[in-house]
Amino acid sequence: MNLSFDFTGQSVIVTGGARGIGLELGRFFADSGADVFLIDYDGEEVRKAAAEVGARAIPGDVSSTADIDQAVEQVIAETGRIDIIVNNAGILRDKVLWKLTDDDWESVLAVHAGGTFRLTRACVPHFRARGYGRVVNVTSYTGLHGNTGQANYATAKAGIIGFTRTAAKELARFGVTVNAISPNAETRMVASIPEDKKAELASGIPLGRFGDASEMCAAVGFLASQEAGYVTGVVLPVDGGISI
């Protein structure tokens, strides 16, 4: 996909960058001229991903404050700035709620909601110092509508919506916008669904298919652009119409 955004000279951090949406966003920002840093728990895979798309890899756990602080310090040390962050990292621990363990619950919230909070918090001082910043979070249709077997995931994604709107209000005075996308892409999570079930789900999407991970880039690119400086607190569905 040929997108005409220009992020030359800007530093971008994408979490969950080893595969799926995160990988495609890394490719998009690198192709658009940015200095891109991909953070992922899977060190081997994120190094491969970074080499593939022309980014830099930072192995790290977004649920760890120490890992996040170290990652931010590395970006500042190497480029002197942070312009854009995309909080995309996520995991699944799907079970009906009476079978969810404490670890199933806490680990999903720690990565999705906790990772979004930790990276944003760590970058705020740098945004404030420059009077500029773009934060794009990744939430989900499930955060608003729920889904059987995903009480932990739905709670985390709903929390990201609340976080997005609160942070947008708090950071606007510093020239920082905070927005989110709600994607519906055929990632590894979707690929694990049995084909008959996946076909049934696709039939409920007005456009009749799951999106490709690369189709999320235009929406994120717009929200991350300088031109979107008057857009904040928005949750933009990029879902083929499933949320209609």
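Predicted model: local features only at pLDDT ≥ 70, side-chain atom pairs only at ≥ 80, totals over all residues.

Reader: Why is Trp105 called partly exposed?

Author: Its relative accessible area is 34%. Buried means under 20% and exposed means over 50%, so Trp105 at 34% counts as partly exposed.

Reader: Which residues does Trp105 touch, leaving out those up to four places away in sequence?

Author: Leu100, Ala151, Asn152 and Thr155.

Reader: What makes S4 and S5 a strand pair, and how do they run?

Author: Pairing takes at least two bridges. S4 and S5 are joined by 4 and run parallel, so they qualify. Ile84 stands opposite Arg134 in S5.

Reader: And how many bridges join S5 to S6?

Author: There are 6, and these strands also run parallel. Asn137 has Ala180 in S6 as its bridge partner.

Reader: What kind of unit do S4, H4 and S5 make?

Author: A right-handed β-α-β unit. The call rests on viewing with the strands pointing away from you: the crossover is right-handed if the path from the first strand over the helix to the second runs clockwise.

Reader: Let's move to the aromatics. How many aromatic pairs does a search of the whole structure find?

Author: It finds 5. In one of them, the rings of Phe5 and Phe7 have centres 6.1 Å apart and planes at 20°. Centres within 6.5 Å make a pair and planes under 30 degrees apart count as stacked, so Phe5 and Phe7 are a stacked pair.

Reader: Why is the pair of Phe7 and Phe28 called edge-to-face?

Author: The centres are 6.1 Å apart here too, but the planes are at 80°. Over 60 degrees counts as edge-to-face, so that's the label for Phe7 and Phe28. This pair links distant parts of the chain: Phe7 is in the segment before strand S1 (11–15) and Phe28 is in helix H1 (residues 20–31), 21 residues apart. Ring pairs link Phe5, Phe7, Phe28 and Phe29 into a cluster.

Reader: Are Phe5 and Phe7 buried or partly exposed?

Author: Phe5 has 25% relative accessibility, so it counts as partly exposed. Phe7, at 1%, counts as buried.

Reader: How do you know that the length of H1 agrees with what a helix should span?

Author: At 1.5 Å a residue, its 12 residues should span 16 Å, and the end C-alpha atoms are 17 Å apart, which agrees.

Reader: What makes H1 mostly covered?

Author: In H1, 9 of the 12 residues are buried, including Ile21, Leu23, Leu25, Phe28 and Phe29. The buried residues of H1 pack against S1, strand S2 (35–40), helix H2 (43–53), strand S4 (84–87), strand S6 (176–183) and helix H9 (217–224). Just after H1, Gly33 takes a positive phi of about 100°.

Reader: Val53 is found in H2. Why is Val53 called buried?

Author: Its relative accessible area is 8%; under 20% means buried, so the label holds for Val53. Leaving aside neighbours within four places in sequence, Val53 is in contact with Leu23, Gly26, Arg27, Ala30 and Leu38.

Reader: Where does UniProt place the ketoreductase domain?

Author: The unreviewed entry puts "domain: Ketoreductase" at residues 10–184. In the model that span is 53% helix and 19% strand, and its end C-alpha atoms lie 27 Å apart.

Notes: Residues numbered from 1 in each chain as written. Heavy atoms only, no water. UniProt positions renumbered as here; feature names shortened; annotations may be inferred. Helix = DSSP H or I, 4+ residues; strand = E, 2+ residues; numbered from the N terminus. Phe/Tyr/Trp six-rings, centres within 6.5 Å; stacked < 30°, edge-to-face > 60°. Buried < 20%, exposed > 50% of the residue type's maximum accessible area, 1.4 Å probe, protein only. Expected span 1.5 Å × (residues − 1). Contact = heavy atoms within 4.5 Å.
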